[in-house]
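Open the model in your viewer and keep the selection tool ready.

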Amino acid sequence: MSLKNFHTNELLVAHLKKGNQKAFKTLFDEYWEAMFCKANSILRNRDVAQDIVQEIWINLWNQRENLEVSNFEAYIFRSVSYGCYKYLRDIKLEATQLIIDKALKELSPRCRQIYKLSRLEDVTNKEIALRLGISKRSVENQVSIALKVIRHHLGYLQTFIFFYLLFFR
């Protein structure tokens, strides 16, 4: 970025903060395509890349009065990276939850019940044993079985991520 662009961007950002739509459009026209290319290179999904870049511009406009940046170009591209990695993190979390749900469906009803009490409701093993009329050791065994099944299923997710990164990055 040249010094001229830096000063131009500084001036445009100052006008943007005051609600100047022409300044916003000028910045948008200057950076949208490069932002999209960066997002698309990270995600390899044009629709999601467009959505992320669009969301950045919407947030920029909505938060314009509070905007404090010393280097607009760096700020905007950092926002793209953050938006993409947040999207990927959310996808991984959703996939992980789906896999855990699938694994839990494979457990016996009793094992699933014990796992949910232990891990989702934070009930102690001793309390679970008392509630269900079984030994504490039985509770520990059932939780161990549930965790083993979940870990086995999550291994598929790790394999999928490995191959995705290997072939699609």
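How many disulfides does a search of the whole structure find? The search finds 0, a disulfide being a pair of cysteine sulfur atoms within 2.5 Å.

This is a predicted model: local features need pLDDT of at least 70, side-chain atom pairs count only at pLDDT 80 or more, and totals for chains, interfaces and linings use all residues. Residues are numbered from 1 along each chain as its sequence is written, and side-chain values use heavy atoms, leaving out hydrogens and water.

Select Cys37. The nearest cysteine sulfur belongs to Cys84, 12 Å away. Cys37 is partly exposed at 43% relative accessible area; buried means under 20%, exposed over 50%, partly exposed in between (1.4 Å probe, protein chains only). Now pick Cys111: it is buried, at 2%.

Next, the rings. There are 9 aromatic pairs. Rings of Phe, Tyr and Trp (its six-membered ring) pair if their centres lie within 6.5 Å; planes under 30 degrees apart are stacked, over 60 edge-to-face, the rest tilted.

Select Phe24 and Trp61. They pair edge-to-face, 5.2 Å centre to centre, with 70° between the planes. Phe24 is in helix H2 (residues 21-43) and Trp61 in helix H3 (residues 46-62), 37 residues apart. Helices are DSSP runs (H or I, at least four residues), numbered from the N terminus. Phe24 is buried, at 17%.

Move to Phe28 and Trp32. This pair is tilted: 6.5 Å, 40°. The two lie about one helical turn apart, because they are 4 residues apart in helix H2.

Finally, show the aromatic cluster that includes Phe24, Phe28, Trp32 and Trp61.
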